[in-house]
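Please examine the structure shown below. The paragraphs that follow lead through it step by step.

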Amino acid sequence: MSTPRELFQERRDRIRSALKKTANGKMRLSVFRSNMHVYAQIIDDTKGVTVASASTLEKEVRDNIKKSSNVEAASFIGKLIAERALKSGVSEVVFDRSGYIYHGRIKALADAAREAGLKF
């Protein structure tokens, strides 16, 4: 019998392999959430480099949010990652939710990134 962590990793790997097949050279917006923080990265899988990143651990972010583990913080990270991606010349990405359900903080981050101009 599989543990919950193993099931999560299988789901994450299945999502990533499907994204890589349909990405057509687009960069990937990867999201990670812990109990306390939210992290986002724009990754170029062809070169294996991170183009832009944002997290609730940054001082600039901590000054603008009250709590780092809520929907408000996730939407702030979504806006910030979109601004940084557009600044570095990336306007279209594929969204990698990393096995998380598209709900709550993950959905808030994605919606905020779309509102800020990132297309996916």
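In this predicted model, the buried residues of helix 3 are A73, A74, S75, I77, G78, L80, I81, A82 and A85. An α-helix has 3.6 residues a turn, so residues three or four places apart point the same way. The cover over the buried residues of helix 3 includes strand 1, strand 2, strand 3, helix 2 (59-64) and helix 4.

The length of helix 3 can be checked by calculation. With 17 residues at 1.5 Å a residue, helix 3 should span 24 Å, and this agrees with its end C-alpha atoms, which are 24 Å apart. Just after helix 3, G89 adopts a positive phi of about 95°.

Two packed helices are described by the angle between their axes and the distance between the axes. For helix 3 (residues 71-87) and helix 4 (residues 105-115), the axes come within 7 Å and cross at roughly 35°. This crossing of helix 3 and helix 4 is right-handed. From helix 3, V71, A74, S75, I77, G78, K79 and A82 meet R105, A108, L109, A112 and A113 of helix 4. The residues of this contact comprise eight nonpolar, two polar and two charged.

In soluble globular proteins, nonpolar side chains tend to be buried together. Here the largest nonpolar core has 28 residues, and those with the most contacts inside it are L29, I42, I81, V93, F95, L109 and L118. Two or more residues of this core come from each of strand 1 (27-33), strand 2 (38-44), strand 3 (49-55), helix 3, strand 4 (93-96) and helix 4. Helix 3 gives the most, with seven residues.

Notes:
Residues are numbered from 1 along each chain as its sequence is written. This is a predicted model: local features need pLDDT of at least 70, side-chain atom pairs count only at pLDDT 80 or more; totals for chains, interfaces and linings use all residues. Side-chain values use heavy atoms; hydrogens and water are left out. Axes are lines fitted to C-alpha atoms, for helices over the stretch in contact, and angles run from 0 to 180 degrees between N-to-C directions. Helices (H or I, at least four residues) and strands (E, at least two) are DSSP runs, numbered from the N terminus. A crossing is left-handed if the near helix is turned anticlockwise from the far one by less than a right angle, and right-handed if clockwise. Contact means heavy atoms within 4.5 Å. Ala, Val, Leu, Ile, Met, Phe, Trp, Tyr, Cys and Pro count as nonpolar, Asp, Glu, Lys and Arg as charged, and the others, Gly among them, as polar. A nonpolar core is a set of buried Ala, Val, Leu, Ile, Met, Phe, Trp, Tyr and Cys residues joined through side-chain atoms within 4.5 Å. Buried means under 20% relative accessible area, exposed over 50%, partly exposed in between (1.4 Å probe, protein chains only). The expected span of a helix is 1.5 Å times one less than its number of residues.
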